[in-house]
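Biologist: I'd like to learn how to read sheets and a ligand site. Can you walk me through one?

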Amino acid sequence: MTKIRLVGIGMLPQRDLTAGGLAALRASKVVLYSSFPHLRPWLGSLGLSRIEDICDHYADGGKDVDNYTAIVGAVVGAARRNGDVAYLVPGHPNLGVTATQRFLAMAATDDELDVEVVPGVSSIDTISMDLSLDLLERTCVIVDSNRLLLLRQQLDPRAGVLVYHASAVGTTTTDYREPWITNRIELLQRYLVDTFGEDHEYHAVVSQTVPGVRPRVSRGTLGKLSEAVRSIDYGTTLYVPPIVKRGVDENFLRLLDSGVAATRGARE
Ligand SMILES: C[S@@+](CC[C@H](N)C(=O)[O-])C[C@H]1O[C@@H](n2cnc3c(N)ncnc32)[C@H](O)[C@@H]1O
């Protein structure tokens, strides 16, 4: 049996790596990473057997799909050679990571391949921290910018929106150094303005990923989003707060006021 552990290392791994994540790394014969060269010294301090840098498989300017294919191929190859490997994933492996879906799909059709997802602290966690926001308090939906536009998904202005991959609108290439060159953010701007209006605010959030570098939150209005394209980098998520509207379901409000919902369990 060949085993691959997809280990979520959180946003700031030195702070976020979980006990489960550390145990998974220590249990693996080889630990591979494709996008964190700066983490090498810290990884070295964790007492891991072997660490392998496969960052050359993640080409800036390359097609997204080619990059995923190269990375998945390198990890599966290492797993077949060594029997047991871990692959580092930023944040949580199940949030916006195409490679995770590929690994899981392979395991579903290969009895000899076992893929384990080890959860990590995601950008949803750190963004809510950076904005001092409880996302349930005023409701929030999470969207991928390209799927939003492709599927013309209906937004409700009474719910907030977290827009992922805002640095790669309308492009299928990986441009992590200068994403603004290919980013068609004006298309996203138009779509959000249709729902929220051009004077409505957005918050562009970059959570902390490196010790000593503070999180960055910049604000603007949706009508001018495209003017800020250069500040929207690979690690930026947009938060659009909900439009607060008066008007509630009066019957449901009476139910809450009467305390019936709270006492029902005691009566049954
Ligand atoms: C490929 S997804 C990876 C998400 C990651 N698995 C997670 O759990 O947060 C990349 C997207 O995550 C968001 N992201 C990544 N790093 C971030 C950061 N430091 N702060 C805020 N959002 C970030 C951005 O929307 C970016 O386009």
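Biologist: Let's start with a pair of residues across two strands. Which residue stands opposite Ala204 in strand 10?

Modeller: Keep in mind that this is a predicted model. The general idea is that strands of a sheet pair through backbone hydrogen bonds, either parallel or antiparallel. Here, Ala204 faces Leu238 in strand 10. Strand 8 and strand 10 (residues 237-240) are joined by three bridges, in the antiparallel sense.

Biologist: And what is the strand order in the sheet they belong to?

Modeller: Read across the sheet and you get 6-7-10-8-9, five strands in an open sheet with mixed pairing. Strand 6 (140-144) and strand 9 (216-221) are at the edges with a single partner strand each, so one side of each has no neighbour in the sheet. On average, neighbouring strands here are turned by 20 degrees against each other, ignoring direction.

Biologist: There's another sheet, with the order 3-2-4-1-5. How is it paired, parallel or antiparallel?

Modeller: Parallel, and again it's an open sheet of five strands. The edge places go to strand 3 (51-53) and strand 5 (113-118); each has a single partner strand, so one side of each lacks a neighbour in the sheet. Neighbouring strands are turned by 25 degrees on average, direction ignored. Val31 has Ile51 in strand 3 as its bridge partner.

Biologist: Now the ligand. Which residues come nearest?

Modeller: The ligand has 20 residues around it, and the nearest are His92, Leu95, Ser123, Ser207 and Thr237. The side chain of Ser123 has an N or O atom 2.5 Å from a ligand oxygen. A polar backbone atom of Leu95 sits 2.8 Å from a ligand nitrogen, and a backbone N or O atom of His165 is 3.2 Å from a ligand oxygen.

Biologist: How much of the ligand's accessible area does the protein cover?

Modeller: On its own the ligand has 570 Å² of accessible area, and the protein covers 87% of that. Helix 6 (123-130) and strand 8 (201-206) are the elements giving two or more residues to the shell.

Biologist: What classes of residue make up that shell?

Modeller: Nine are nonpolar, 11 are polar and none are charged.

Biologist: Last one: why does the ligand lie between the two domains?

Modeller: Because domain 1 (2-121) and domain 2 (124-240) both give residues to the shell around the ligand.

Terms used: Residues are numbered from 1 along each chain as its sequence is written. This is a predicted model: local features need pLDDT of at least 70, side-chain atom pairs count only at pLDDT 80 or more; totals for chains, interfaces and linings use all residues. Side-chain values use heavy atoms; hydrogens and water are left out. A residue is near a molecule or strand if one of its heavy atoms lies within 4 Å of it. A polar contact is a pair of N or O atoms within 3.5 Å; within protein, one must be able to donate a hydrogen and the other to accept it, and residues adjacent in sequence count only if both atoms are side-chain atoms. Accessible areas come from the Shrake-Rupley method with a 1.4 Å probe; for residues, only the protein chains shown count as cover. Helices (H or I, at least four residues) and strands (E, at least two) are DSSP runs, numbered from the N terminus. Ala, Val, Leu, Ile, Met, Phe, Trp, Tyr, Cys and Pro count as nonpolar, Asp, Glu, Lys and Arg as charged, and the others, Gly among them, as polar. Domain bounds come from an automatic or database domain assignment. Two strands pair if DSSP finds at least two bridges between them. Axes are lines fitted to C-alpha atoms, for helices over the stretch in contact, and angles run from 0 to 180 degrees between N-to-C directions.
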